[in-house]
Amino acid sequence: MKVGVIGSRGQLGSDLLKILADSIPLDKPEFDVLIPSSWPEITARGIDVLINTSAYNEVDQAEIDMDSCFNLNTFSPARLANFCDINKIIFITISTDYVFGFPPTVPPLPFSEESETNPLSVYGVSKRAGEILTLNRCKQSYVIRTCGLYGYASIARPRSSFVETMLRLAQKGNPISVVSDQIVSPTPTYDLALAINKLIEQLPPFGVYHLTADGFCSWYDFAKKIFDLAGLSVILKSTTMSAFNSKARRSPYTVLSNEKARRYGIQLPPWEVGLAAYLTNRKME
Ligand SMILES: NC(=O)C1=CN([C@@H]2O[C@H](COP(=O)(O)OP(=O)(O)OC[C@H]3O[C@@H](n4cnc5c(N)ncnc54)[C@H](OP(=O)(O)O)[C@@H]3O)[C@@H](O)[C@H]2O)C=CC1
Ligand SMILES: Cc1cn([C@H]2C[C@H](O)[C@@H](COP(=O)(O)OP(=O)(O)O[C@H]3O[C@@H](C)C(=O)[C@@H](O)[C@H]3O)O2)c(=O)[nH]c1=O
């Protein structure tokens, strides 16, 4: 299977390129997904599976910059889905836990692929709309929802992952405040790329799949684990989402159930294991 990877210089895209046996990188400036005149490259190169990892990912900025957000997260996957359907290409696009809102039960339970979505932010709405249009327009499509990605490609980037942001803040030596009332499953892109590779090998029924690291934690717990594993002594303070006062609203709990993928033998390691591996291998990047 020849796999095209849009966003191949990003966190997930660059790890997919390392893992997939036969992949073709597609990223700016050579390939701009927003310029459909560049798309014939996809058919000319005989791509069987197209993975779209490009996205507008700045959750707070999206509240203001709605046009750019919807262009990349909604209209672009919708057009790609159409293109793939016409050309008989399997289309995979990546979505997010932020399509979910407040959990309906107390205590909360992990959201399944069938759970009702209720995005609280512009980013979440744009990704949900992208999911719906993808599934409507391409018969052979997968929507993969994941959460809190971090990968080696963000080490040298100004806009970095939560892990890299924490490591950078720690170097400054000031106290760090992190929210303890938001529960998530932070996921290394390397583990996600391995899982996507398995999905492509097996081709289970098309549709939505949740793929996150196993288990869950608050962002505060995650930060604490980062500093412990990295051997950094940091004054870490617990705060709340309301005190942190971000522009975009976020749900207090967006843990995804990975049960459906597990039925096909596709499973990611626990978040603590993924983080330890990331921090060890990071030294070699
Ligand atoms: N990051 C996270 O925590 C999470 C991400 N996701 C989803 O996972 C996917 C992958 O995320 P991640 O790897 O972190 O994203 P990154 O931002 O690391 O990678 C996206 C890549 O796409 C490129 N890109 C942006 N615009 C275009 C364009 N017009 N044409 C071609 N390429 C473009 C980016 O280039 P440049 O950087 O130069 O703009 C970048 O190389 C996204 O769909 C995201 O919404 C889901 C849950 C969590
Ligand atoms: C940097 C920082 C963030 N936070 C909070 C803000 C927020 O509630 C939470 C996570 O912040 P981030 O900005 O890293 O992540 P955020 O943009 O909320 O993360 C998301 O990215 C998008 C693309 C997704 O799809 C999601 O799955 C999710 O991981 O941590 C702190 O409490 N202290 C800090 O110093």
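Reader: Which residue in S10 does valine 143 stand opposite?

Author: This is a predicted model, in which local features need pLDDT of at least 70 and side-chain atom pairs count only at pLDDT 80 or more, whereas totals for chains, interfaces and linings use all residues. Residues are numbered from 1 along each chain as its sequence is written, and chains are lettered from A and ligands numbered from 1 in the order in which they are written. Strands are DSSP runs of E with at least two residues, helices are runs of H or I with at least four, and both are numbered from the N terminus. Two strands pair if DSSP finds at least two bridges between them. Here valine 143 faces valine 208 in S10; strand S5 (residues 141-146) and S10 pair in the parallel sense over 4 bridges.

Reader: In what order do the 6 strands of the open sheet lie?

Author: The order is S2-S1-S3-S4-S5-S10, with parallel pairing. Strand S2 (23-26) and strand S10 (207-210) are the edge strands, each pairing on one side only.

Reader: Which residues come nearest to ligand 2?

Author: A residue is near a molecule if its C-beta atom, placed from the backbone, lies within 6 Å of it. Of the 20 residues around ligand 2, the nearest are Val59, Thr96, Gly148, Phe162 and Val179. Helix H5 (162-172), strand S7 (176-179) and helix H8 (241-244) each give two or more residues to this shell, and S7 gives the most, with 4 residues.
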